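Student: I have a model open and would like to learn how to read its features one by one. Could you walk me through it?

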Amino acid sequence: LLVSKDLGKHLLEVEDLLQKHGLLEADISAQTERVQALNAAALKFSELEGYQPCDPQIICNRVNHVQTCLEELEELAAKRRKELEDSRQLWTFFQEMEEAEAWIREKEKILAAKTCGRDLSSVVTLTNKHKTMLGELGNRRASLHQTMKKGEKILAKKSFSSVGIQEKMREVCLRWKKLEEVTGLHQQRLEDALNFFQFSAETDDLVAWLQDTYRIVSSDDFGHDDYSTQALLRKHRAVVDEVEKHRASVLSLRKQLALLAPDHRQGVDVQIRVVEVEQLYGEVAEVAVLRTQWLQDALAVYRMFSEVHACEVWVDEKEQWLQKMEVPEELDEVEVVQHRFESLDQEMNSVMGRILDVNQVVQQLLDGGHPSSDEVRACQDHLNSRWNRVVELVEDKKGQLSSVLKIQNFLLEC
């Protein structure tokens, strides 16, 4: 049993042989105690004085022979155990290498079947799974490194043929290297896909914002009075600021596109998408400028109407006063009225300045092609005509006063 050359053909068989060898070693240990007791009893016969049933030398030779055989048996048992343990190390090494190969094959199949996702969510999910696999890869790498060290130790002992061990180590190393290359390529593809879908998502968000902003800046609501138009203008200026802030994002699209992987950046759809965003931004910016002008024009019109209304209120008041006023014939009363006209002249100078401002604003609106030009011009004409009428009434009343004064002065001289 101890000189057997059967060291097992796989790990389970070696483990079974080691168990059997352990039983044999236990049996040898038990027999060793028995042999030692028998040898001690036999040597007593070689020490007898007087009658000796056997030649002491024969007894000693026999005891030495048995002891030598026992020692040889123990040496064989130790040698057999070492060979079996070396065999177990060898088959443990091969089993670990087989397990490593099986793990590599499994990951190769997974990587070969994996896609890079169809949208941002799926790419993020696949990226997280890939990170998990990278962790497994790191753990397996450390385990394989330890197995390789075991193989090197087996080769150093030179207990077995080195051909199979070296071949297995070389084969697994090559497959491992290939797996790491494939893993790296897949990781790069995932990163490229992640960058592309992030770019697409950001572009879609930008397009949605631009479309919403276009609806806002193209509104035909310009307010119904001075207050509402000012409120709309404040809101619009905030929108214009946001449009300007997004200019950098639009301008950076081509730079971001250039950083994408060739397969992604060379796609016709993505290039068209960038052009569409740039054109849409240009339209939004242009319409925003127009709406600013339109709101300012509307505000100018409402302020002009407000100013016209104020002037017409004054004109109404003075016109009624002039129409009802009768030129007195007494000198004292004439002087009172004359003082009133002096104050009226000052008011008229002030109002005339306001009317001139109104005419200037109207001319600017007409020159700018304001959509309410007809209404603005009609308002201007109406105010100017009423002003002229008041001026005529004032001149007429002044003429009457002048005539009365001349008569009174003549009478005084007489």
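Student: Which residues form one aromatic cluster?
Tutor: W91, F93 and F94 form it. Rings of Phe, Tyr and Trp (its six-membered ring) pair if their centres lie within 6.5 Å; planes under 30 degrees apart count as stacked, over 60 as edge-to-face and the rest as tilted. Keep in mind that this is a predicted model, where local features need pLDDT of at least 70 and side-chain atom pairs count only at pLDDT 80 or more, while totals for chains, interfaces and linings use all residues. Residues are numbered from 1 along each chain as its sequence is written, and side-chain values use heavy atoms, with hydrogens and water left out.

Student: How many aromatic pairs does the structure hold?
Tutor: A pair of aromatic rings is described by the distance of the centres and the angle of the planes. The structure holds six such pairs. In one of them, the ring centres of W91 and F94 are 5.6 Å apart and the planes stand at 45°, so the pair is tilted. Both residues belong to helix α2 (residues 56-113), three residues apart, about one turn of the helix. Helices here are DSSP runs of H or I with at least four residues, numbered from the N terminus.

Student: Is F94 buried or exposed?
Tutor: Buried means under 20% relative accessible area, exposed over 50%, and partly exposed in between (1.4 Å probe, protein chains only). F94 has a relative accessible area of 18%, so F94 is buried. W91, at 24%, counts as partly exposed.

Student: What about the rings of F222 and W294?
Tutor: Their centres lie 6.0 Å apart with the planes at 80°, so this pair is edge-to-face. F222 sits in the loop between α4 (162-217) and α5, and W294 in helix α9 (residues 268-324), so the pair ties together parts that are 72 residues apart in sequence. Each is partly exposed: F222 has a relative accessible area of 23%, and W294 has one of 36%.

Student: Which residues of α5 are buried?
Tutor: The buried residues are S228, T229, L232, L233, H236, V239 and V243. They cover an arc of only 130° around the axis, so they are on the same side of α5; the arc is that of the directions from the helix axis to the C-beta atoms. The face turned away from that buried side carries the exposed residues Y227, K235 and K245. R237 is also in α5, and R237 is partly exposed at 43% relative accessible area.

Student: Which residue caps the N-terminal end of α5?
Tutor: D225 does, with a side-chain oxygen 3.3 Å from the backbone nitrogen of Y227.

Student: How many salt bridges are there?
Tutor: A salt bridge is a side-chain nitrogen of Lys or Arg within 4 Å of a carboxyl oxygen of Asp or Glu. By this rule the count is 24. R170 is partly exposed at 44% relative accessibility, and E167 is partly exposed with a relative accessible area of 44%.

Student: What is the N to O distance between D212 and R215?
Tutor: Their side chains meet in a salt bridge at 2.1 Å. Being three residues apart in helix α4, D212 and R215 are also separated by about one helical turn. D212 is partly exposed at 38%, whereas R215 counts as exposed at 53%.

Student: And which helix holds R273 and E276?
Tutor: Both lie in helix α9, three residues apart, about one turn of the helix. Salt bridges that share partners also join D316, E319, R386 and R389 into one network. R273 and E276 have a salt bridge of their own, at 3.8 Å, N to O.

Student: Finally, how far apart are the centres of domain 1 and domain 2?
Tutor: Domain bounds come from an automatic or database domain assignment. The protein is divided into domain 1 (1-85), domain 2 (194-297) and domain 3 (300-413). The C-alpha centres of domain 1 and domain 2 lie 96 Å apart.

Methods
Helices (H or I, at least four residues) and strands (E, at least two) are DSSP runs, numbered from the N terminus. A polar contact is a pair of N or O atoms within 3.5 Å; within protein, one must be able to donate a hydrogen and the other to accept it, and residues adjacent in sequence count only if both atoms are side-chain atoms.
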